[in-house]
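I opened the model to look up its nonpolar surface, its cores and its sheet, and I kept these entries as I went.

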Amino acid sequence: NYFVFQPLLPEVISGNIGIFDTVAPIRRLCKRTQLYVRDVEKVDLQRKVVTLAPSPFRPRNTELAYDYLVLATGTRTDVSGMPGMADHSMPFRTLGDALALRNRVLQAIEEAAVEQDPEFRERLLTFVVGGGGFSGVEVIAELNDFLRRIAPTYGIKREEIRCVLVHSGERILPEVSPALAEYAQEILTKRGVILKLKDRITGATAESAVLKNGGHLPTRTLVTTVPAGPVPLVQALDAPKEKGRLL
């Protein structure tokens, strides 16, 4: 029953902003709107009816008739074709994901502070993000700044922190102009972020991220920010589409 302002989510990782600063109650934003906090099970375009899933308190569906229908379901992250990703990577889409990632990196650096095996310590201090769009760049930048800032508190040298961004394109941030993307790349590199371009993550194990070029990135913290496409609700609609998206 709340709206999440996605661009602020990475700052929840570092604690630069409070958790609730990223959210706003929908009822407060849309005062003349009736809100159903339910999943949509199906849409009947012929009858102009949306069927909602049952509430947790009453096991029956609800049907809503409409005159106009706006579909704003966004995309979903699908790692089904990437072996090991479902078990060994972390998504980054929700407020819960941001909190889980913050807890994970703090746990990793806590363990690294007392780890005696140099190879395993390096793996604990390597943080990999897949996807060089807005979300991936924001996450890796926030992670890098946060970890390098707190490392000395744990007796860890800042240069031991390895934050790696993997992106399939020739440059990060395909959403912006080449000049702006190149500027962002320069800033990230100066701050110590390792950029692996023209490659992508195709799978994962408990100990590493698997790359398309056949290489492995040893890590215990792997984050995926790559959207895979439309949600099943949209895919099931009998409506014109292009590459799975509604026209």
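The model is predicted, local features need pLDDT of at least 70, side-chain atom pairs count only at pLDDT 80 or more, and totals for chains, interfaces and linings use all residues. Residues are numbered from 1 along each chain as its sequence is written, and side-chain values use heavy atoms, without hydrogens and water.

I placed L69 in the loop between strand 5 (62-65) and strand 6 (75-76) (strands are DSSP E runs of at least two residues, helices H or I runs of at least four, numbered from the N terminus). With a relative accessible area of 31%, L69 is partly exposed (buried is under 20%, exposed over 50%, partly exposed in between).

Next I looked up the largest nonpolar core, of 37 residues, in which F92, L101, L143 and L147 touch the most other members (a core joins buried Ala, Val, Leu, Ile, Met, Phe, Trp, Tyr and Cys through side-chain atoms within 4.5 Å). Elements giving two or more residues to this core include helix 4 (95-114) and helix 6 (134-150).

Last, I noted an open sheet of five parallel strands in the order 7-14-8-9-10 (pairing needs at least two DSSP bridges), with strand 7 (90-91) and strand 10 (194-196) at the edges.

Terms used
Buried means under 20% relative accessible area, exposed over 50%, partly exposed in between (1.4 Å probe, protein chains only).
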